[in-house]
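My entries are kept in the order in which I made them.

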Amino acid sequence: VNWIQLWAGGPKFAEYNVGAAYNKAEDYGGYYAWGGNVDKGTTYVSGSDPLSGDNDTAYNLWGSNWRMPTSDELHELLDNCTVAWTDSYNDTDVKGGIFTGKGAYSSNSIFLPAAGSCMSGTVLLPGGRGTYWSSTPDVKDDAYRLYFNSSKQYVDNYNRGNGYSVRAVLK
């Protein structure tokens, strides 16, 4: 898996999502509950500790060189990148956000497809929004995620049982 660094000292993001069928940036990948390893599964990790080791979806499915980003790293992604929505990435009809570094990193970018989310086995709003898990828990049944659509992007917390995309970072 190739990686891209978007700011000095920042993590190295994988160029495609965990579970991507064809290892391309425009592939949606899987929809994982927080800390889950089954596409469209609803079983999530409980507790107040950040995900690590076998509880980390990226680590578990891609190996020990990879992990999920922290909520701080997702905040930094928004702070250190410009975000542009596209309705057609790489000559496909896949919609999503292009996150481009600034300054010395302005030639580096990643595409995060707006894969939507999965609730109770049903995929909702593919092409309308992107939802990406962090490894950081919040309250009992919530964890932090990156959310974006064509007009906004932010990091907030949401229910751990929802199926979201995972974009791994290199350890």
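The entries below begin with the ground rules and then turn to the strands and side chains.

**Ground rules.** I note that this is a predicted model, in which local features need pLDDT of at least 70 and side-chain atom pairs count only at pLDDT 80 or more, while totals for chains, interfaces and linings use all residues. Residues are numbered from 1 along each chain as its sequence is written, and side-chain values use heavy atoms, with hydrogens and water left out.

**Entry 1: the sheet around β5.** I took helices (H or I, at least four residues) and strands (E, at least two) as DSSP runs numbered from the N terminus. Two strands pair if DSSP finds at least two bridges between them. I found an open sheet of three strands in the order β4-β5-β6, with antiparallel pairing. Its edge strands are β4 and β6, each of which pairs on one side only. From one strand to the next the twist averages 20 degrees; axes here are lines fitted to C-alpha atoms, for helices over the stretch in contact, and angles run from 0 to 180 degrees between N-to-C directions.

I then followed the pairing. β4 (residues 81-86) is joined to β5 over six bridges, and Ala-84 has Ile-98 in β5 as its bridge partner. On the β6 side (residues 109-113) I recorded five bridges to β5. There Phe-99 is partnered by Ile-110, and Thr-100 stands opposite Ser-109.

Is β5 enclosed or open? Five of the six residues of β5 (residues 96-101) are buried, so the strand is largely enclosed by the rest of the structure. Buried means under 20% relative accessible area, exposed over 50%, and partly exposed in between (1.4 Å probe, protein chains only). I also noted helix α2 (residues 71-80), which lies across β4, β5 and β6 and runs at about 85 degrees to β4. Contact means heavy atoms within 4.5 Å.

**Entry 2: the sheet around β10.** Another open sheet has three strands in the order β9-β10-β11, again with antiparallel pairing. β9 (130-137) and β11 stand at the edges with a single partner strand each, so one side of each has no neighbour in the sheet. Neighbouring strands of this sheet are turned by 35 degrees against each other on average, direction ignored. Five bridges join β9 to β10, and Gly-130 is partnered by Phe-148 in β10.

**Entry 3: salt bridges.** I counted a salt bridge where a side-chain nitrogen of Lys or Arg is within 4 Å of a carboxyl oxygen of Asp or Glu. The count comes to three. Arg-145 and Asp-156 form one, with the closest N and O atoms 2.7 Å apart. This pair links distant parts of the chain, Arg-145 in β10 (residues 142-148) and Asp-156 in β11 (residues 153-159), 11 residues apart. Both residues are buried. Arg-67 and Glu-73 form another, at 2.7 Å, and Glu-73 is buried at 12%. Asp-39 and Lys-40 form a salt bridge at 3.5 Å; Asp-39 is partly exposed at 37%, as is Lys-40 at 36%.

**Entry 4: Asp-27.** I placed Asp-27 in the loop between β2 (12-14) and α1 (57-62). A polar atom of the Asp-27 side chain lies 2.7 Å from the backbone nitrogen of Tyr-22. Beyond neighbours within four places in sequence, Asp-27 is in contact with residues including Asn-17, Ala-20 and Pro-113.

Note on methods: Polar contact = N/O pair within 3.5 Å; in protein donor to acceptor, adjacent residues only side chain to side chain.
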